[in-house]
Amino acid sequence: MANDNWMTSAAIAIPKEGYFKLEQGRYGPIYPQTPACYGFSVTAKVKPGREQAIRDYGKSIQEAVKGDPTVLAPLKLHYLRWILFDVGSGLHFMYQGIFDTDFDKYLEDAVALFIKTGITTVFVNLEGWPEDWKTNIPAVIKFFREHQCPSFLEYGEYPYVSADEIKKALKLKAAFSNMLDQMQ
């Protein structure tokens with residue numbers, strides 16, 4: 001469904017199931033690439049008393065990226081957004097991510113990254129998170145699939161463009177601007 005014309009904005013309405021045609025991946029249905037690339041939104045209830053731990057974890061990710069701006073690079077992220085909210089039944093956490101790999105690959109890469117860096121995952125603060133998450137990828141993926149809230153509309157101002165392509169274009173722009181500055 002990729003659009004070669006990245007200069008033309010695109011939007012796509014997605015069925016309630018989260019896909020157009022049922023195709024099985026390694027761990028379940030394959031969610032389609034959309035004009036916003038790949039992504040998911042996961043919502044789960046926070047374990048009692050764990051709000052501060054989640055907020056502190058956000059700070060630890062900030063510090064990890066500050067110390068090594070490439071620490072999250074294996075995830076091929078465009079954007080990541082975390083939200084805490086109360087829907088009347090207690091505090092909930094929403095994880096929204098847009099990235100360049102398929103759903104299953106992203107989750108495998110995320111677990112591998114957390115194990116490699118020694119950084120634990122924020123998800124340990126959520127109800128239903130598997131205790132054996134470091135060794136049980138299928139249980140992690142099951143958690144995400146059970147807590148996934150598929151979007152029903154996705155829009156891309158620059159559709160189907162990877163994060164690496166955006167970075168290359170910005171480097172080219174900077175080099176071109178620098179060259180023009182040198183010519184003056």
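Visitor: How many aromatic pairs does the count come to?
Guide: This is a predicted model, in which local features need pLDDT of at least 70 and side-chain atom pairs count only at pLDDT 80 or more, while totals for chains, interfaces and linings use all residues. Residues are numbered from 1 along each chain as its sequence is written, and side-chain values use heavy atoms, with hydrogens and water left out. Rings of Phe, Tyr and Trp (its six-membered ring) pair if their centres lie within 6.5 Å; planes under 30 degrees apart are stacked, over 60 edge-to-face and the rest tilted. By this rule the number of aromatic pairs is 20.

Visitor: Which kind of pair do Phe40 and Phe103 form?
Guide: Phe40 lies in strand β2 and Phe103 in helix α2, 63 residues apart; helices (H or I, at least four residues) and strands (E, at least two) are DSSP runs numbered from the N terminus. The ring centres are 4.9 Å apart, with 70 degrees between the planes, and the pair is edge-to-face.

Visitor: Is Phe40 buried or exposed?
Guide: Buried means under 20% relative accessible area, exposed over 50%, and partly exposed in between (1.4 Å probe, protein chains only). Phe40 has a relative accessible area of 3%, so the residue is buried.

Visitor: Why is the pair of Phe40 and Tyr106 edge-to-face?
Guide: Tyr106 is in helix α2, 66 residues from Phe40 in strand β2. Tyr106 is itself buried, at 1% relative accessible area. The two ring centres lie 5.5 Å apart, and the pair is edge-to-face because the planes stand at 75 degrees.

Visitor: Is Arg81 buried or exposed?
Guide: Arg81 sits in strand β3 (residues 77-86). Leaving aside residues up to four places away in sequence, Arg81 touches Met94, Tyr95 and Gln96, where contact means heavy atoms within 4.5 Å. Its relative accessibility is 54%, so Arg81 counts as exposed.
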